[in-house]
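Please consult the sequence and the structure shown below while reading.

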Amino acid sequence: MSTLEFALVAFVLATGLATAVLRDVLGSIIAFAAYSLGIAVVWVVLQAPDVGLTEAAVGAGVTTVLFLLTIAKTVRPSGERTLERLDLPALGVAVALVAVLATTLGALPPVGGAETPVATSEVTSYYLENAYHEAGVENVVTAVLAAYRGFDTLGEAVVVYAAGVGVLVVFQREVFA
Amino acid sequence: MIDAFAPRYLYLVTFLLLGIGTYMMIGNRNLVKKVIGMNLFQTGIFLFFIAAAYVEGASPAVLTREAPHVSPLPHVLILTAIVVGVSLTAVALGLIVRIYADYGTLDADVLWEVRHDD
């Protein structure tokens, strides 16, 4: 692991932890925005620039605005304490989950190896070899998103539409009146 | 031990993020923080996918760059998941605003007591 990667991962974990323990919800939201920005850079380092762009625009941008709007419309609990009180049962569940997942660590393929199932998959080589002839786009991620898996993206659009309808139903137009 | 762990440490980071997200969803009383925890949990899973697609020394899945390229498929799946995640967050926060308008609190414990008294 390079120094940059290590520093980024440390930043992401630190901001993630700050999000969990800060008592002030506004502080928690700001920590989460910093976390999203950090993880967007991690995507770029892991050679996924498209995901990095989306995460920076949507994760750090839109999501943060949504959270801030919610705070503005509801309440921001204030108190003397900076940190949240530790919830031991929840901590137990979280530690148990991490412990169970960690037992699978040895069975997973090493990150970055050329022989991982994803890298050697037929699907991967098919997309990389044929995307330009068949879809006419040099960015293979775009080709897969809009051409090969266009129905997937259509489904995604349906989800966004349903969410929009859902929010309107929940508010019953009163907020927009 | 270290030799087996070092190339897989990103997976361990994934597990830790899942742990933090789980803790927030169960342990934090504030509903907004529960939703933030859900978002954190999601990004943990994203990291699993992107780390699985990563190949040392490969370039992004853009054909003008030199081969080898990383696999584009996990990236596409995560792009879709990010947008779906935002939709989910928007609906959840809309419900939270309504809950506050009706009950005047966002604390899960207080909310439970108020509901119980009715």
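Four helices each supply at least two residues to the lining of the largest cavity: α2 (25–45) and α3 (49–73) from chain A, and α3 (31–53) and α4 (72–103) from chain B. The model is a predicted one. Thirteen residues, written as 13 in the table of linings below, surround this cavity, and A:E55, A:G59, B:N39, B:Q42 and B:F46 are those nearest its centre. By class, the lining comprises five nonpolar, seven polar and one charged residues.

In total, the count comes to two cavities of 30 Å³ or more.

The lining of the largest pocket consists of 18 residues, and nearest its centre lie A:R23, A:E84, B:R29, B:N30 and B:D107. Eight of the lining residues are charged, four are polar and six are nonpolar. One of the central residues, B:R29, also forms a salt bridge with A:D87, in which the closest N and O atoms are 2.8 Å apart.

The second largest pocket has A:L17, A:A20, A:V21, A:L86 and B:Y23 among its lining residues. At least two residues of this lining come from each of α1 (3–21) and α4 (88–102) of chain A and α2 (9–27) of chain B. The lining has 11 nonpolar residues, one polar and no charged.

The volumes and lining classes are set out below.

| Space | Volume | Lining by class |
|---|---|---|
| Largest pocket | about 390 Å³ | six nonpolar, four polar, eight charged |
| Second largest pocket | about 230 Å³ | 11 nonpolar, one polar, no charged |
| Largest cavity | about 110 Å³ | five nonpolar, seven polar, one charged |

The contact between the chains involves 87 residues of chain A and 75 residues of chain B. Together the two chains bury about 7300 Å², with 78% of this area on carbon and sulfur atoms. A:Q47, A:L105 and A:V111 provide 9% of the area that chain A buries against chain B, more than any other three residues. One salt bridge is found across this interface.

Within chain A, domain 1 spans 1–84 and domain 2 spans 115–177. The C-alpha centres of these two domains are 24 Å apart.

Technical notes: Residues are numbered from 1 along each chain as its sequence is written. Chains are lettered from A and ligands numbered from 1 in the order in which they are written. This is a predicted model: local features need pLDDT of at least 70, side-chain atom pairs count only at pLDDT 80 or more; totals for chains, interfaces and linings use all residues. Side-chain values use heavy atoms; hydrogens and water are left out. On a 1 Å grid over the protein atoms alone, a cavity is a set of points where a 1.4 Å probe fits but cannot get out, and a pocket is an open set with protein on both sides within 12 Å along at least five of seven lines; lining residues have an atom within 4 Å of a point. Grid points are joined across faces, edges and corners, and a volume is the space filled by probe spheres set on the points. Ala, Val, Leu, Ile, Met, Phe, Trp, Tyr, Cys and Pro count as nonpolar, Asp, Glu, Lys and Arg as charged, and the others, Gly among them, as polar. Domain bounds come from an automatic or database domain assignment. Contact means heavy atoms within 4.5 Å. Buried area is the accessible area (1.4 Å probe) that two parts lose on being put together, summed over both. A salt bridge is a side-chain nitrogen of Lys or Arg within 4 Å of a carboxyl oxygen of Asp or Glu.
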